[in-house]
Amino acid sequence: VLVTIYADYIAPLFDKFIPLPEGELKQQIETMAKSIDFPLTKVYVVEGSKRSSHSNAYFYGFFKNKRIVLFDTLLEDYSALNKEPAEGEDGENEETKSKTKNKKQGCKNEEVLAVLGHELGHWKLGHTVKNIIISQMNSFLCFFLFAVLIGRKELFAAFGFYDTQPTLIGLMIIFQFIFSPYNEVLSFCLTVLSRRFEFQADAFAKELGKAKDLYSALIKLNKDNLGFPVSDWIFSMWHYSHPPLLERLQALKDAKQE
């Protein structure tokens with residue numbers, strides 16, 4: 001239910017969504033969507049710059065009603081950081097204006113298309129549906145095991161509840177303690193799967209001929225999002241749902257050189 005109503009009714013309460021104006025970028029997005037049979041209906045730009053410089057793009061909607069949302073920080077033409085400061089602004093000097101003018105945030109149209117090619121790859125390869133199915137299976141398993149364990153008197157006795165079996169206490173014991181090893185293993189498996197999905201989506205964008213633009217876009221996004229390009233491989237393998245920048249660039253390198 002939340003997936004269905006969030007983007008249309010909840011998200012607009014916190015951010016301003018405006019339709020992407022007609023132009024070259026919108027035409028290119030519609031052409032790319034049509035080439036892979038993505039049922040695109042609308043393209044929005046959201047004012048994400050009000051809260052942070054984080055850049056992103058996503059799609060939402062079920063069946064034949066898909067919509068694409070671009071953060072204004074992803075687009076050079078829309079990023080507030082790239083706009084000229086107002087005349088006569090207090091404390092403004094020529095040096096500050098020069099720094100603001102030279103500091104570019106966001107991606108060019110070709111790079112935006114490459115990022116969208118990656119996101120649409122998730123849809124084309126069924127990653128979204130697979131994640132929903134895994135989530136629902138996990139929820140069913142957790143509540144099934146909860147139903148089995150909640151009646152075990154020895155479980156409560158181990159925590160000092162000999163005469164009573166409070167449901168809330170059982171909930172805390174089962175989900176915080178009993179499921180702890182399971183959650184760690186599941187989290188690691190989902191992280192590995194997520195990283196695999198990211199490489200597959202990059203490969204999909206590569207097949208669309210966007211390898212070179214995605215290569216440069218990933219570098220820009222890592223810089224805009226204040227990411228650190230180097231990370232320990234064991235730590236990242238356990239904690240990072242997205243592969244580190246250098247690993248993704250290496251996977252794209254051969255196609256970029258071609």
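Start by selecting helix H4 (residues 109-124) and helix H9 (residues 211-224): their axes sit 8 Å apart and the two helices pack at an angle of about 90°. Angles of 65 to 115 degrees count as roughly perpendicular, so H4 is roughly perpendicular to H9. Keep in mind that you're looking at a predicted model.

Now show the side chains where these two helices touch. On the H4 side, pick Glu110, Glu111, Ala114 and Val115. Their partners in H9 are Asp213, Leu214, Ser216, Ala217, Lys220 and Leu221.

Next stop: select helix H5 (residues 127-149) together with H8, whose axes come within 12 Å of each other and cross at roughly 170°. Which way do they run relative to each other, parallel or antiparallel? Anything over 145 degrees counts as roughly antiparallel, so that is the label for H5 and H8.

Zoom in on this second contact. From H5, select His127, Lys130, Asn131, Ile134, Asn138, Leu141 and Cys142. They meet Tyr182, Leu186, Leu190, Leu193, Phe197, Gln200 and Ala201 in H8. Colour these by type too, and you'll find 9 nonpolar, 4 polar and 1 charged.

To finish, switch to colouring by pLDDT.

Terms used: Residues are numbered from 1 along each chain as its sequence is written. This is a predicted model: local features need pLDDT of at least 70, side-chain atom pairs count only at pLDDT 80 or more; totals for chains, interfaces and linings use all residues. Side-chain values use heavy atoms; hydrogens and water are left out. Axes are lines fitted to C-alpha atoms, for helices over the stretch in contact, and angles run from 0 to 180 degrees between N-to-C directions. Helices (H or I, at least four residues) and strands (E, at least two) are DSSP runs, numbered from the N terminus. Angles under 35 degrees count as roughly parallel, over 145 as roughly antiparallel, 65 to 115 as roughly perpendicular and the rest as oblique. Contact means heavy atoms within 4.5 Å. Ala, Val, Leu, Ile, Met, Phe, Trp, Tyr, Cys and Pro count as nonpolar, Asp, Glu, Lys and Arg as charged, and the others, Gly among them, as polar.
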